[in-house]
Amino acid sequence: MDSEAVVTSIGGFLYDRPRPNDNLVSSRLAEFFDVSYSTSELALSGGNMMVDSQGFAAATDLVYNYNDEFTKEEIDDEFEAMWGVTLRAYPDPTGTYIQHM
């Protein structure tokens with residue numbers, strides 16, 4: 001029987017609103033579950049990333065606007081490195097201020 005080791009890790013990011021406790025959730029979960037933790041320097045909003053099981057993430061193009069200190073390529077590379085997904089960014093589908101998927 002072939003078996004693959006399953007590696008569990010939690011990856012966090014900077015929440016794009018002034019809620020410091022929200023930034024702590026991922027690291028606290030990693031501690032609780034005794035798994036590795038890494039964090040991204042990207043600022044993201046909590047409801048703006050949807051991930052499928054095919055290796056893609058969808059987000060609004062807000063991800064590029066909030067992280068203007070990074071190039072589009074650097075942001076795309078970070079999504080691949082941190083979460084193992086290819087980012088597909090779209091204009092806000094809701095047409096509202098919240099810019100969530």
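Q: Okay, two strands count as paired if DSSP finds at least two bridges between them. With that in hand, which residue in E4 is the bridge partner of Val-51?
A: Val-51 has Ala-57 in E4 as its bridge partner. Keep in mind that we are looking at a predicted model.

Q: How many residues sit between E3 and E4 in their hairpin?
A: Four residues lie between them, and Gly-55 in that turn has a positive phi of about 90°.

Q: Which strands make up the open sheet here, and in what order?
A: There are three strands in the order E3-E4-E5, with mixed pairing. The antiparallel part is E3 with E4, while E4 and E5 run parallel and are joined by five bridges.

Q: Changing topic: which residues make up the largest nonpolar core?
A: That core has ten residues, among them Leu-42, Ala-57, Val-63, Phe-79 and Leu-87. At least two of its residues come from each of E2, strand E4 (56-60), helix H2 (62-66) and helix H3 (72-83).

Q: What does Leu-87 touch, beyond residues up to four places away in sequence?
A: Leu-87 touches Ala-57, Ala-59, Val-63, Tyr-64, Ile-75, Asp-76 and Phe-79.

Q: Let's go to the start of the chain. How do E1 and E2 run, parallel or antiparallel?
A: E1 and E2 run parallel, with six bridges joining them. From E1 the chain crosses through H1 to E2, and this β-α-β crossover is right-handed. In one of the bridges, Ile-10 is partnered with Tyr-37 in E2.

Q: Is H1 straight or kinked?
A: H1 has a kink of about 30°, centred on Ser-26. Ser-26 is also buried, as are Ser-27 and Ala-30 in H1.

Q: What do the buried residues of H1 pack against?
A: They pack against strand E1 (9-15) and strand E2 (36-44). Just after H1, Asp-34 takes a positive phi of about 55°.

Q: Why does Pro-20 count as exposed?
A: Pro-20 has 61% relative accessibility, and exposed means over 50%. Pro-20 belongs to helix H1 (residues 20-33).

Q: How far apart are the C-alpha atoms of Pro-20 and Ala-81?
A: They are separated by 24 Å, and the two residues are 61 residues apart along the chain.

Q: Last one: where is Asp-16, and is Asp-16 buried or exposed?
A: Asp-16 lies in the loop between E1 and H1. Asp-16 is buried, because its relative accessible area is 16% and the cut-off for buried is under 20%.

Q: So what is Asp-16 in contact with?
A: Setting aside neighbours within four places in sequence, Asp-16 is in contact with Ala-43, Leu-44, Ser-45, Leu-62 and Tyr-66. The side chains of Asp-16 and Arg-17 are also joined by a polar contact of 2.5 Å.

Definitions and conventions: Residues are numbered from 1 along each chain as its sequence is written. This is a predicted model: local features need pLDDT of at least 70, side-chain atom pairs count only at pLDDT 80 or more; totals for chains, interfaces and linings use all residues. Side-chain values use heavy atoms; hydrogens and water are left out. Buried means under 20% relative accessible area, exposed over 50%, partly exposed in between (1.4 Å probe, protein chains only). The bend at a residue is the angle between axes fitted to the seven residues ending there and the seven starting there. Contact means heavy atoms within 4.5 Å. A polar contact is a pair of N or O atoms within 3.5 Å; within protein, one must be able to donate a hydrogen and the other to accept it, and residues adjacent in sequence count only if both atoms are side-chain atoms. A crossover is right-handed if, with the strands pointing away from the viewer, the path from the first strand over the helix to the second runs clockwise. A nonpolar core is a set of buried Ala, Val, Leu, Ile, Met, Phe, Trp, Tyr and Cys residues joined through side-chain atoms within 4.5 Å.
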